[in-house]
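I opened this one to look up a few local features and jot down what came out. Here is the entry to go with it.

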Amino acid sequence: MDPILARYQALEDKILSYAPDLDTQRMFSAFTYADSAHNGQLRKDGSPYITHPLAVAEIVADLNLDPDSVISALLHDCIEDTKATHEDIAKRFGEPVAALVEGVTKLSRVHYTSKEEQQMENLRKMFMAMAQDIRVILIKICDRLHNMRTMEYQSPTKQREKSLETMEIYAPIAHRLGMQKLKWELEDLSLRYLDPVGYKEIETELAARSSAHEDFLAGIQRRISQRLQDANVACKVYGRVKHTYSIYRKMFAQNKTLDEIFDLYAFRVIVDDIPECYNVLGCIHDMFNPVLGRFKDYISTPKPNLYQSLHTTVIGREGIPFEVQIRTWEMHQTAEYGIAAHWKYKQGMANKNLGTEHDFEWVRRLLESQQDTDAEEFVRTLKVDMFADEVFVFTPNGDVKSLPAGATPIDFAYSIHSAVGNRMVGAKVNGRMVPYDHALSNGDIVEVLTAKNAKGPSRDWLKMAKSNEARNKIRQWFKREKREENIATGRSMFETELRRAGLKLEAVTNEAVLSHILHKVRHGTLDELYAAIGYGGTTAAKTVAQVQDELQRLGRLQAERIASAAKTTAESMVIPGFTGGGGKTPKHSDSGIIVEGLGNCLVKFSKCCSPVPGDPVIGFITRGYGVSVHRQDCPNADPDRRKPGEEDRWVRVSWVEGGLPNYKTNLELSAKDRDGIALDVAMVLSAAKVKVTALSARSMADGYAVVHIELEVKDKEELASITNKLNNIQGVYQVVRATGK
Ligand code: MN
């Protein structure tokens, strides 16, 4: 019998052993289809090409994957390397198989290598995201495993390239999917090409001592088996030297020689159920000395990839430490095959579509188990795969960009830099020009064409962009562009208006006045002012009128300063907005207040109504601050608003002669808004020799201005006379005392 046909037959038998209802006719026709499609092609080692898909199918069958996966493995290189098409395969073997083959083909087209560590995780994500069906990843890993096994026939460059990709992408993904056995082999094969010297060193040393190792392994294995047999435990005991890459890592990480590696050996005891695991653990710890702190219970707390076992390290009579892993058969399957073990326990799946989401129970368990671990990232990557909310594309340099699903070249351009987006004049995907709204696919190579004189984004781009980043940057551009336009038009409108008023721009912008004018018009910079005029936020005419007022005020102020200085009565000088340090209100009854029945106690004048002598007042005994004095008409002293239970705290107080020289109080003046109102108020107060501690004015929306005055007076009479004077200022509606809030 033809050796290749014999291999095929063995493959069929293997599948029949776990999938008895296999359609052998269909399987065989897939084999012959692949065989004739690859007819004439040779592998690098000179064997017919079909030996590769056959070997991949064998590995897939070793994982006990469903027949569709095995068929897809046989066909996996057909679309890429032969005349076969998706349609043709779909017609012969069904759409699910065609989709798997297409998926593997797409994964193969991308090179998952980068110089930067940070890019590797993105590449892993891209790898996961590209496969819409987890079986695509499994088949691709099997494909890579066979290619790595036969890598010796490739050029040294290709060997290194593929090995790096395997070490950085395939092995970590196999690990995340819990496929320990494949991961180890991938790592060892990669190491062989990535560090041939280090690899050889370990292999040679291990080989030189292989008989010693074997004696040790056999001896321990015999002793454990014997002991467990005596204890009536049904089990299987394996011993092995740990895999090369794990030894390599330990040697390098800990800078140790092979002899110094702590645990080179690992034993595995596989039993039927969980209680038996703990039973075996007891026996092992009884036979050997456990190494402190090395016991790990991954049964009660599984690893993120669902790995379960008991681990312990012990030392025997020989003084050589070794690790013992204890697990059930089911745990063993999961440990070796990971996510693929899921299919092992599924019966009668030949007719089921395993690509649909409800079949991902195992994946869901995986997701749940990984949620609160450092593998959180993995949860996210797997979700990308399941729910496809991200798309991964390449820059022409081979960097990976992650974008929201449905992203367009616009998103891509802005993800590189806003300047790239703003100057974009076209985009290429995989070398072909595409429209701006072209939806990007995983693995696409995207190139943005830019021009220095590009006219910038159009409003349509906001609709085409899928990422907030791109939309924000486009909006910013419009705002900024508009701002520049606004500043230009605003400035020319302002200058025109100034000329009309007989002023030059320089009269406004000179150092002596600019800051006052900007303060007056309430803008931080001239550009802001221009932008506001250009935008229509204010008018040039209004602004120029304000400027004129301010220039006049500054002139008057200067004149007044000169006059005051001449009088040398600095004490009475009032500058608008000046806030004096009017001392603290005294706390004793020499404040001019007598509290009935309390004698000489601490007195404070309430800020809400600031009473002055002559005002009818009332006191409130506060907690810890003596008596606080309110005007009787203060809302806070209103009998209706007093809190229940506090009635006794309200006490009668009265003014006496010989109190303070001055009392601080407040006035609120409202007037028709006009320029110079605050100055007029200040001038009246100044003329009356009133000590003002603060004065502020603000324009109200409805054409009013409110001037707040904080001042010191002797008594109510003085206050009344001041109020009178203020009332005579042109445009003043009313002057009232500020009362409680
Ligand atoms: Mn292949």
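**Ground rules.** I'm working with a predicted model, where local features need pLDDT of at least 70 and side-chain atom pairs count only at pLDDT 80 or more, while totals for chains, interfaces and linings use all residues. Residues are numbered from 1 along each chain as its sequence is written, and side-chain values use heavy atoms, with hydrogens and water left out.

**Whole chain.** I looked up the secondary structure and got 29 helices and 20 strands. These are DSSP runs numbered from the N terminus, helices being H or I with at least four residues and strands E with at least two. The protein has 741 residues, and 48% of them count as buried; buried is under 20% relative accessible area, with a 1.4 Å probe and protein chains only. Taking contacts (heavy atoms within 4.5 Å) with a separation of 6 or more, I found that 66% are between residues 24 or more positions apart.

**Metal site.** Which residues coordinate the manganese ion? I got H52 and H76 through NE2, plus D77 and D143 through OD, at 2.2 to 2.5 Å. Donors here are N, O and S atoms within 2.8 Å of the metal (3.2 Å for Na, K and Ca), and water is not among the atoms, so sites may look incomplete. Along the chain, the donors of the manganese ion are spaced as H-x23-H-D-x65-D. H52 sits in α3 (residues 51-62) and D77 in the loop between α4 (67-75) and α5 (78-81), so this pair ties together parts 25 residues apart in sequence. I checked burial too: H52 is buried at 1% relative accessibility, and D77 is buried at 9%.

**Loop residue.** Is T395 buried or exposed? T395 counts as buried, at 8% relative accessibility. I placed T395 in the loop between β7 (390-394) and β8 (400-404). Neighbours within four places in sequence aside, T395 is in contact with K401, F412, I445 and V446.

Methods. Buried < 20%, exposed > 50% of the residue type's maximum accessible area, 1.4 Å probe, protein only.
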